[in-house]
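Okay, thanks for coming, everyone. I've got one structure to walk through today, so let me put it up on the screen.

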Amino acid sequence: MIEKLRLTTRIVIDQDEALDFYTEKLGLKKKADETFGPDDQHWVTVAAEKDDTVEIVLEPLDWFEGEEAERRSEMIGEQPALAFTVDNCQSTYETLRERGVEFTSEPTEQPYGIEAVAIDLYGNGIVLVEHPSGTETS
């Protein structure tokens, strides 16, 4: 049986630029930066500071060739949103805006809590959710 989500990927154009965005602007931490393969590619992952059990692989487009590269290129800006739990959505929103993160919506009340939506360097959604006390599921 499936027990737990471990990794997800984010296709990026420039791995270093994406690493800077996800660590310096969003405040995630770098978990891994391992060199592999004949071309010295880098396996780079980032994760939330408080709960790093799910990592995001920053997968550069130049890892792929031909039709696969073309297909993945078309996915940039269209990848599923990443949702993060935050303690205080308004405060996090303000901090990230000050760091230059672009938002498509301000914090708003939703049935499941307070939500704000940002985009990454390539237009992919990043959702911040503050759950009402005691309602977050693990």
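Let's start with a pair of side chains: K30 and D33 form a salt bridge, and their closest N and O atoms are 3.6 Å apart. How accessible are the two partners? K30 is partly exposed, at a relative accessible area of 45%, and D33 counts as partly exposed too, at 33% relative accessibility. Before I go on, keep in mind that this is a predicted model.

Next one: E55 and R6, whose side chains meet in a salt bridge at 2.6 Å, N to O. This pair links distant parts of the chain, since E55 is in strand β4 and R6 is in the segment before β1, 49 residues apart. Now, is E55 buried or exposed? It has 5% relative accessibility, and buried means under 20%, so E55 counts as buried. R6, on the other hand, is partly exposed, with a relative accessible area of 46%.

Another pair to look at is D87 and K50, with side chains meeting in a salt bridge at 2.9 Å, N to O. Again, distant parts of the chain are linked: D87 is in the loop between β5 and α3, K50 is in the loop between β3 and β4, and 37 residues separate them. Here both D87 and K50 are exposed.

And then there's a network: salt bridges link E59, E68, R71 and R72.

Okay, moving inside. The largest nonpolar core has 27 residues, and the ones with the most contacts inside it are Y22, L26, L58, F103, I126 and L128. Which elements supply it? Several give at least two residues each, among them strands β1 (7–12), β3 (41–47) and β4 (55–60), plus helix α3 (89–98). The element that gives the most to this core is α1, with four residues.

Stay with α1 for a second, because E24 is found in that helix, residues 15–25, and E24 is exposed, with a relative accessible area of 53%. E24 also belongs to a negative surface patch, together with D14, D16, E17, D20 and D62. So which helix do I want you to remember? It's α1, which gives four residues to the core and holds E24 of the negative patch.

That's my tour, and I'm happy to go back to any of it.

Key
Residues numbered from 1 in each chain as written. Predicted model: local features only at pLDDT ≥ 70, side-chain atom pairs only at ≥ 80, totals over all residues. Heavy atoms only, no water. Patch = residues over 30% accessible without salt bridge, like charges linked within 9 Å, V, L, I, M, F, W, Y side chains within 5 Å. Areas by Shrake-Rupley, 256 points an atom, 1.4 Å probe, with all protein chains shown as cover. Salt bridge = Lys/Arg side-chain N within 4 Å of Asp/Glu carboxyl O. Lys, Arg positive; Asp, Glu negative; His and termini not counted. Charge placed at Lys NZ, Arg CZ, Asp CG, Glu CD. Buried < 20%, exposed > 50% of the residue type's maximum accessible area, 1.4 Å probe, protein only. Core = buried A, V, L, I, M, F, W, Y, C linked by side-chain atoms within 4.5 Å.
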